[in-house]
Amino acid sequence: MGASRTLIYLFRHGAVVQAETGRFIGHLDVPLSALGERQSAAQAARLSSVELSAVYASDLVRARRTAEIIGAPHGLAPTVVPALREMAMGRWDGLTAAEIRQREPERFAEWMARVGEFPFPDGESVPDLEARAWPAFESIVGAHAGQAIVVVAHGGTNRTLLCRALGLPRSRLLSLGQDYGALTVLERSHAAWPLRRLNERPML
């Protein structure tokens, strides 16, 4: 790989315990489910022949475990980066959308109308998330010029990083799919961030 070309294999962590409930997880530290373990193993097999230089992960256990599985065939343990963790959803952590709509209908409507800017009650906004995650992401990529690396984070974090890298407005956040266990590939080439793959789900 050329010295000016860096490949970033950006993953969302695998499925988590009770994912089917549709609850906002945010900073809750929930583990991978059996499905999440299988998803991570499938993506590890997919990257087994890629020459990776490093693996990075959010400090939340669902991201760390995914990164451990992906890094294992390469003998790489993940470097934990707390700045990559999911958005803090404050008092909405652990609730479903229906519960939030019932408890705080006005705030819920405001969130739906201002997805890219709305600050979660007692939590973070997307600008807050970008302010901590983007510098960390840039630093990671900058430390591996000309190499291939893995970064495992979260749906909100990944969407925010992608909007920033691709020059998209934050209002487009939810238009970028980030399914459990899915792979997105970014390239850092000079001053550009070409998108090579988006939201490719594990083949089970």
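A residue is called buried when its relative accessible area is under 20%, exposed when that area is over 50%, and partly exposed in between, using a 1.4 Å probe and protein chains only. Helices (H or I, at least four residues) and strands (E, at least two) are DSSP runs, numbered from the N terminus. The model is predicted, so local features need pLDDT of at least 70, side-chain atom pairs count only at pLDDT 80 or more, and totals for chains, interfaces and linings use all residues. Residues are numbered from 1 along each chain as its sequence is written, and side-chain values use heavy atoms, with hydrogens and water left out.

Helix H2 is described first. This helix spans residues 61-71. Its buried residues are Arg62, Ala63, Thr66, Ala67, Ile69, Ile70 and Gly71. In an α-helix there are 3.6 residues a turn, so residues three or four places apart point the same way. The cover over the buried residues of H2 includes strand S1 (5-12) and helix H1 (34-46). Strand S2 (54-57) and strand S4 (148-153) are also among the covering elements. Contact here means heavy atoms within 4.5 Å.

The packing of H1 on H2 can be described in more detail. The two helices meet at an angle of about 35°, and their axes are 8 Å apart. Axes are lines fitted to C-alpha atoms, for helices over the stretch in contact, and angles run from 0 to 180 degrees between N-to-C directions. H1 passes H2 in a right-handed crossing. A crossing is right-handed if the near helix is turned clockwise from the far one by less than a right angle, and left-handed if anticlockwise. From H1, the contact uses Glu37, Ser40, Ala41 and Ala44. From H2, it uses Arg65, Thr66, Ile69 and Ile70. These residues divide into 4 nonpolar, 2 polar and 2 charged. In this count Ala, Val, Leu, Ile, Met, Phe, Trp, Tyr, Cys and Pro are nonpolar, Asp, Glu, Lys and Arg are charged, and the others, Gly among them, are polar.

Gly36 also lies in helix H1. Gly36 is buried, with a relative accessible area of 0%. Leaving out residues up to four places away in sequence, Gly36 touches Gly14 and Ala15. Gly36 and Arg65 are 29 residues apart in sequence, and their C-alpha atoms are 9.5 Å apart in space.

Arg64 belongs to helix H2. Arg64 is partly exposed, with a relative accessible area of 27%. Beyond residues up to four places away in sequence, Arg64 touches Ala57, Ser58, Asp59, Pro78 and Val80. The C-alpha atoms of Arg64 and His154 are separated by 11 Å, although the two residues are 90 places apart along the chain. Val80 is found in strand S3 and is partly exposed at 38%. With neighbours within four places in sequence set aside, Val80 is in contact with Ala57, Ser58, Asp59 and Arg64.

Aromatic rings were examined next. Rings of Phe, Tyr and Trp (its six-membered ring) pair if their centres lie within 6.5 Å; planes under 30 degrees apart count as stacked, over 60 as edge-to-face and the rest as tilted. The count comes to 11 aromatic pairs. Trp92 and Trp111 have ring centres 6.3 Å apart and planes at 80°, so this pair is edge-to-face. Trp92 lies in the loop between strand S3 (79-80) and helix H3 (97-103), and Trp111 in helix H4, so the pair ties together parts 19 residues apart in sequence. Trp92 is buried, with a relative accessible area of 0%. Trp111 is buried too, at 14%. Trp92 also forms a stacked pair with Phe118, at 5.7 Å centre to centre and 25° between the planes. Phe118 lies in the loop between H4 and H5, so this pair ties together parts 26 residues apart in sequence. Ring pairs link Phe24, Trp92, Phe108, Trp111, Phe118 and Phe120 into a cluster.

Arg12 lies over the face of Tyr180, at 4.1 Å from the ring centre. For such a placement, NZ of Lys or CZ of Arg must be within 6 Å of the ring centre and within 35 degrees of the ring normal.

Two residues other than glycine have a positive phi. For Asp122 phi is near 65°. Asp122 is in the loop between helix H4 (105-113) and helix H5 (126-142) and is exposed, at 65%. For Asn199 phi is about 55°. Asn199 sits in strand S6 (residues 195-200) and is buried, at 17%.
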